[in-house]
Amino acid sequence: MLSFGPEDPYLANLCRTTERLICCREYLLLSSSSGSRLDSRNVTEDMTTCASELTNAIRLVELYDDPYPIFKELRDREPVAWVPVANRYLVTRYADVVWLEQHPEIFQAAEDGSLVTRVMGHTMLRKDGDEHLRDRRAAEPPLRPRMVKEHWRPVFEANADALLRGFEADGRADIFADFAGPLAARNLAAVLGLRDVTDDDMQRWSQSMMDGGGNYADDPAVWARADRSTQEIDAAVDATLARVRATPDASVISAMANAEVPPDDESIRSNVKVFIGGGLNEPRDSISVATYAVLTHPEVRAEVAADASRWRAVFEEAIRWVAPIGMYPRQVAQQVELGGVTLEPGARIGVCIGAANRDERVFERPDEFDIHRPPVAHVAFGGGPHFCLGTWVARAQVAEVALPMLFERLPGLRLDPDREARMGGWVFRGMLALPAVWDR
Amino acid sequence: MPKIRFVRADGSVTVVDADVGQSIMQVAVGNGIDGIVGECGGSRMCATCHVHVDLSGVGGVPVVSEDEDELLDFAASPRSELSRLSCQLPVSEEMDGITVALPERQT
């Protein structure tokens, strides 16, 4: 079990490394139109014909620090905009994002030259149609709401309890690094069916594969880290496959291996990689952003203290306010007009969930954290056939377990007055550090 | 074209012409009926197209599957005897004139 003290040099180093990697990942993912594997001819043409003064002025470092003022400008002035530093058209209005999600035949998940596919193999995240559905259906049964409630929730509670026992006597911790990250890691390992893997393994695997997915600069060290992770994952998956073929259990790998139409082993390995790459930082970031929001909104804290069922509203509002996946890619399959712009086949799209969730056309005072909003659906889980497969797992582990247990077990929990809480990112956004103290 | 009458929780009514074969969820979403979300696009995973509809007397209506039954238990507004996921209900000529009541919230 992990139980880093707040002054642990390893932890401090881990935090810095993670932050740097997140920065790097977003920079590499988006900045490299030259010397990259992207289709530079289309890019050049688009850049000269479509980039405007507004979009030419957008800088990645600003998007990373705080994307929301830029998103607002884009929504108001160019809701579908060619943004050179992003190397894509960014779609920022709620209505356009929802419409696009309802038309998966036009906006495909399969992307030419996808580095995520290079790292992970052909996963369901980048498949469409029946092929996508087959993989998804095989993995789905353990992730359905009743199974989550009856089987996984007690597992999540035991994991949260173990982590809290490790540091609750200390009176201080980084809620991001000491709680949210390791909890998301071990919950995910349990749901997948991976045993004998550490929280560190899971977090390193996730980070290194995501870095590989953004390695447009072709940095060999990044490939080497990603390759090492994928080999380790393959070994862990193969061990699990041997076990669950002999004795099926409630896990996702067991469900896939023993499905009526099972994906082949290669597909199972690839899909486990996409679950590790994509199923860890979202619960981690929603736990830490929601915690930060409650710590900075006393009225919300009073409300959840009086009525624990309100944690669900806290969770949903937290992922509307700061969507953990701020942007995801799509590729246009047939000519289409969106937001007044004609998009040609092959055009790359960045679907900005983080912007749609703050569209003032739909959400009043969108920059405020408010758990009493009218019941308008946010789009943090995406939509259509790729609607987040982990939605029910996320709701249980964050809204029913992590947040209530954290505030119940750490009396007087508050932000550490001496160490700054920080947030960053726009492709993926969340806390970078959440130092907190409580009464011992 | 069969007409479907959507009644929101606040009592407001919208009547739309529905394409036979589309699901009631698709008809609602395509006609901008707020009150039906349909987040997962009909893949039986989200419970955000929950409706209350009396389909007795309408032939050929699919029975409630195990997945639908499960999701209705997890819908954001309380389940009733008439609860269905509208993504599981393909529009037929026989549905002409039916009333589909929308719950207070879907999320």
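A residue is called buried when its relative accessible area is under 20%, exposed when that area is over 50%, and partly exposed in between, as judged with a 1.4 Å probe on protein chains only. By this rule B:Leu89, at 0% relative accessibility, counts as buried.

The structure is a predicted model, in which local features need a pLDDT of at least 70 and side-chain atom pairs count only at pLDDT 80 or more, while totals for chains, interfaces and linings use all residues. Residues are numbered from 1 along each chain as its sequence is written, chains are lettered from A and ligands numbered from 1 in the order in which they are written, and side-chain values use heavy atoms, with hydrogens and water left out.

The pLDDT, which is the predictor's confidence in each residue on a scale from 0 to 100, averages 89 over chain A, where 89% of the residues score at least 70. Over residues 1-49 of chain A, however, the pLDDT is below 50, and this stretch has 85 contacts in the model beyond near neighbours in sequence, a contact being heavy atoms within 4.5 Å.

Where the two chains meet, 21 residues of chain A and 18 residues of chain B take part in the contact. Together the chains bury about 1800 Å², 52% of it on carbon and sulfur atoms; buried area is the accessible area (1.4 Å probe) that two parts lose on being put together, summed over both. On the side of chain A, the residues that lose the most area to chain B are A:Arg144, A:Arg146 and A:Trp392, which together account for 33% of what that side buries.

Across this interface there are 3 salt bridges, each defined as a side-chain nitrogen of Lys or Arg within 4 Å of a carboxyl oxygen of Asp or Glu. A:Arg144 forms a salt bridge with B:Asp67, with the closest N and O atoms 3.4 Å apart.

Leaving aside residues up to four places away in sequence, B:Leu89 touches B:Gln22, B:Ser23, B:Ile24, B:Val53, B:Leu55, B:Val61 and B:Arg84.

In chain A, A:Val322 lies in the loop between helix H17 (311-321) and strand S5 (328-332), and A:Val322 is buried, with a relative accessible area of 2%.

Conventions:
Helices (H or I, at least four residues) and strands (E, at least two) are DSSP runs, numbered from the N terminus.
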